[in-house]
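Hi everyone, thanks for coming along. Let me put the sequence and the model up on the screen, and then we can walk through it together.

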Amino acid sequence: METSRTVGYDVFIDYSSKDTRHSFVSHLHAAFGRRGISVFLAEHCTLSEATLKPGFELANEIQVAIERSKIYVVVFSKNYASSPLCLETLMTFMDLQRRKDGPVVIPVFYGDVTRSIVEQQTERFKEDFSKHHGFFSDEKDRVERWRKGLTEAAKLHGHESIEQQNDSELVEDIVADVREKLYPTGMIGFYSRLPGIENLLFKQSHDIYRLGIWGMPGIGKTAIAQESFNQMTKNFETQCFIQDFHVAFHEKGLYVLREEYLIDKLREKRVLVVLDDVRNPMDAESFLGGFDHCFAPESLIIITSRDKQVLHQCQVDSVYEIPALNKKEAQRLFTRFAFSEKEPSDSNLIEVSKKVVEYADGNPLALCHYGRELGKKKPEEVVAEFEKIKQSPPREIMHVFKSSYDELSENERSIFLDIAFFFNGENLDYVMRILEGCGFFPHVGIDRLVERSLLMISKNNNVEMQILIQDIARNIVNEEKNQIARHRRLWDPSIIKSFLEENKPKGTEVIEGIFLDTTNLTVDVNPKAFENMYNLRLLKIYSSNSESTQEFHLPKGLRSLPYELRLLHWEKYPLRSFPEDFDPRHLVELNMPYSQLQNLWEGTKSLVKLKIINLSHSQQLVEVDVLLKAFNLEQIDLQGCTSLESIPHIDQLKNLQLLNLSGCTRLKRKEILEEIKRLDPEGGLRETKFESLVFSTLVELEPEDNIESF
């Protein structure tokens, strides 16, 4: 490696060669090289103490390299503190860093070495300092200085390997951090996302290449596209960047916009074009004059959109999904706007910072706006102010999400709002089943919400909506001009309580959903409470805390339940039966655990849509013969129904996947097995464990669980 005094370096890496020279540091060095970042490796760390000049001075070439480097990266590994040279080099770093506009020191806590170990000098660091005190007995002040330097360095912004899944991710994070400090864009997290775009652009052939950039509102699509544009302009003959293309196209019109950007004159040139925020693919196609052969070969067209389907219709070759900021990046961005780059010391501010970062879930727009708003407040006011902001998001945030909401079809809006109000975090199959019963075509609708970045499906197959988007959805409804329309979906306990207790409440005919958490709530329900709720599809009465006090009374019974109900989930239902005129023909799920029901209803009623029934632990329940007509039942849970004397002949339930009869002490096992055998002679419905009385098609049995009688 060249070490001439005239040579400067972007990065000086200080590390213990015993631990990392041929592993982690080698990979880090190579990654810097691939990005054109010059590096000086502190090879001296493995040399003996004799390498130090008298007075603990560093060798000249080392000192010069330090002075001519812009950024210092210190890799704290288990043997780092054993080397006086590493420690003395670190002291030089810290001395320079304290100067005004001094170089940046980036600590890396590698392997089992955590930030606290370095800061407090515990474990291996403690052992090494015990040796230093003995070996350098005449230099106690110097050893103490090393201690303080380690403590100071450990408090700096850095990277910890325990926060990463592997070394590769850690290396990329460090390289992105260094690039951001060497070539600041003003955009936190840009360099950690740039490799994703670069990797897609490597696929570019000699033809025109179209790259799509996709992500939710506020995630930074425009900023990423702008920075990518700035870095690539020198590689093209001419360039064109249109921010807010959708707005520009509809305000100026096609011909004016094409004339303004001289599109017809660019056809023979190698062009870089960025169309930001495309919402209609036909607009983009008209502006460009077609997606194929509109410019010279090797041209690049970048299109950003919050709708992945739009990008596919624009015939993009690849789509880059912008990831949310990680917690470290989010914390830095929020701190920049709230506290002018300084980490807060007040406990209230620290606590609110964590809550904001979690709430914004890596959305840069939200972090910036919350930072500005909370930064204006006194420390003792920020907690209350944050709660206020959550209840009423800033107009800028509402606007970008409202525009996405306005573009949804009626069917998509219904699905979006049902999930925002009632089903966030629930299993996808469960949500699909209920929404399908409501006639909302969820297989298409949920896919479109995912494509529009308003929803995601987790690895566990759960429907997940960011809390930020959920709150915005609820605020969109609250801003409805028609006050009655606001009450279509109710989740606020105080509002629901008033509707259920009033003698003649107004506006109940528009209510479509009620989810009432009865925790610490006392309600005396009017017997006519549901009489005019003609459109009620979803009713869920539950407690989120089984140990809390709850008083939900029906002192005069219940006159009726709505005809349109698809979901009836009522925990601890206090009556012995349903209202006489209750018609369950639209029910998809009947979920009433711990109820006082003795029977369901009189006579035979249509149950063709019913797929799930849960009456578990309803200890007064005697019979459920009415289920004979529920031909499409998939799950029956009667666990703990200790008074249940019989189950109906279930040989017609060809779709049954789960039957739970455990704890039904009055039922005879032999008769149940005969019923199961008649239902499924091929043995698909099996007992999950011997004598468990839980039968399922979804459980793979262990060999010892097989039942000979089957």
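Here is something to start us off: what covers the buried residues of α17? The cover includes α15 (327-339), α16 (347-360), α18 (382-391), α19 (395-406) and α23 (467-478). Before I go on, a word on the source: this is a predicted model, where local features need pLDDT of at least 70, side-chain atom pairs count only at pLDDT 80 or more, and totals for chains, interfaces and linings use all residues. Residues are numbered from 1 along each chain as its sequence is written, and side-chain values use heavy atoms, with hydrogens and water left out.

Back to α17, then. This helix runs over residues 364-375, and helices here are DSSP runs of H or I with at least four residues, while strands are E runs of at least two, numbered from the N terminus. From first C-alpha to last, the 12 residues of α17 reach 16 Å, close to the 16 Å expected at 1.5 Å a residue (that is, 1.5 Å times one less than the number of residues). Among its buried residues are Pro 364, Leu 367, His 369 and Tyr 370; buried means under 20% relative accessible area, exposed over 50%, and partly exposed in between, with a 1.4 Å probe and protein chains only.

In the largest nonpolar core, of 83 residues, Leu 367, Tyr 370, Phe 416, Ile 419, Phe 423 and Ile 446 touch the most other members. By core I mean buried Ala, Val, Leu, Ile, Met, Phe, Trp, Tyr and Cys residues joined through side-chain atoms within 4.5 Å. Helix α20 (residues 410-423) gives the most to this core, with 8 residues. There is also a second, separate core of 62 residues, and Phe 552, Leu 621, Val 624 and Leu 685 are included in that one.

Now for the rings. The structure holds 32 aromatic pairs, counting rings of Phe, Tyr and Trp (its six-membered ring) with centres within 6.5 Å; planes under 30 degrees apart are stacked, over 60 edge-to-face, and the rest tilted. Phe 24 and Tyr 110 are a stacked pair, because their ring centres are 4.5 Å apart and their planes lie at 25°. They are 86 residues apart in the chain, with Phe 24 in helix α2 and Tyr 110 in the loop between β4 and α5. Both Phe 24 and Tyr 110 are buried.

Which kind of pair do Phe 552 and Trp 570 make, stacked or edge-to-face? With centres 5.7 Å apart and planes at 80°, the pair is edge-to-face. Phe 552 sits in strand β17 and Trp 570 in strand β18. Trp 570 has a relative accessible area of 1%, so this residue is buried, and Phe 552 counts as buried at 15%. Phe 552 and Trp 570 also belong to one aromatic cluster, including Tyr 573 and Trp 601.

Leu 262 counts as partly exposed, at 41% relative accessibility.

That's my tour, so over to you.

How values were computed: Contact = heavy atoms within 4.5 Å.
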